[in-house]
Amino acid sequence: MSTAPALDPAHTALLVVDYQPAILAVLPEDGDREALLGRVEGAVADVRAKGGTIAYVRVAFTEADWDAIPAVNKSFAPLARHRVMHHEDPAAAIHERLAPQDGDIVVRKTRHGGLSTTDLDRRLRERGITTLVVSGITTSGAVLSTVVDAADRDYRLYVLSDGVADPDPGVHDVLLQHVLPARAHIVDTVELRALLRAS
C-alpha cells in the first residue's frame, strides 16, 4: 500500500499531458498503448467521480508559434522546420478516448512542460488546486519538465507510474525510480483510487 498522503479532491487536479495520436505513435507497438489509454481513462473517471479537476495539456502549434522557435532549440526546431503538430491537425488533438468534458481545463503548449508556455498555473490556482497528479507522454520529456517546473512552484506532486510512458524503457525506469521521487510521490492507478477514497 502506498505511503503517499491521501488526496483532497477539491484541491487536486489530474494532468493528462500529450495524450495525442501523434505522440502516442512514438511508443512501441506492443499492444500497451491501448492498455495505457485504458488506465488513464480509468484515472480520469476516478478523479472526476470524486469531484477533482481534470486538466488536459497538448502540444500544438500555430504558424506564428513555428516562426518563433529558434534554430538552437534541439527539440522543437525540427518540428517548426517540418511544420508538424499544427493545432488543427487531428493527430495533435486530445485522444478521443480521453475527450475533455465541460468544466475541464484544456491548454495548448509549445514546449515540453505543461506550465511554461500556458496559463495552466493561473487556472489551477484560481480553482484552489494545490496538488497535481501527473500522467503523460513522454516520461523523459513532457512529464519530467512538468514535474520539475511544478515542484519549483510548490505544488504537492504525484506521478502516475502506470499512466506515463516513454519510447526508451531504460530512461523511463531511471526517471521513475531515481529522479522523479525526489519531487513527487510515485503511485499507480490502483493506489490513486485508494488515496482518493481515503480523503
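Arg83 sits in the loop between α4 (77–82) and β3 (105–109), where helices (H or I, at least four residues) and strands (E, at least two) are DSSP runs numbered from the N terminus. The model is predicted, so local features need pLDDT of at least 70 and side-chain atom pairs count only at pLDDT 80 or more, while totals for chains, interfaces and linings use all residues. Residues are numbered from 1 along each chain as its sequence is written, and side-chain values use heavy atoms, with hydrogens and water left out.

**Backbone geometry**
- Most residues other than glycine have a negative phi, and most peptide bonds are trans.
- Arg83, which is not a glycine, has a positive phi of about 55°.
- Met85 is in the loop between α4 and β3, and its phi is positive, near 65°.
- The peptide bond from Ile137 to Thr138 is cis, with omega near 5°.
- Thr138 belongs to the loop between β4 and α6 (139–152).

**Accessibility**
- Arg83 is partly exposed because its relative accessibility is 37%, and Met85 is buried because its value is 10%.
- Buried means under 20% relative accessible area, exposed over 50%, and partly exposed in between (1.4 Å probe, protein chains only).

**Ser135**
- Ser135 is part of strand β4 (residues 131–137) and is buried, with a relative accessible area of 0%.
- A polar atom of the Ser135 side chain lies 2.8 Å from the backbone oxygen of Leu15.
- Apart from neighbours within four places in sequence, Ser135 is in contact (heavy atoms within 4.5 Å) with residues including Leu14, Leu15, Val40 and Leu160.

Definitions and conventions:
A polar contact is a pair of N or O atoms within 3.5 Å; within protein, one must be able to donate a hydrogen and the other to accept it, and residues adjacent in sequence count only if both atoms are side-chain atoms.
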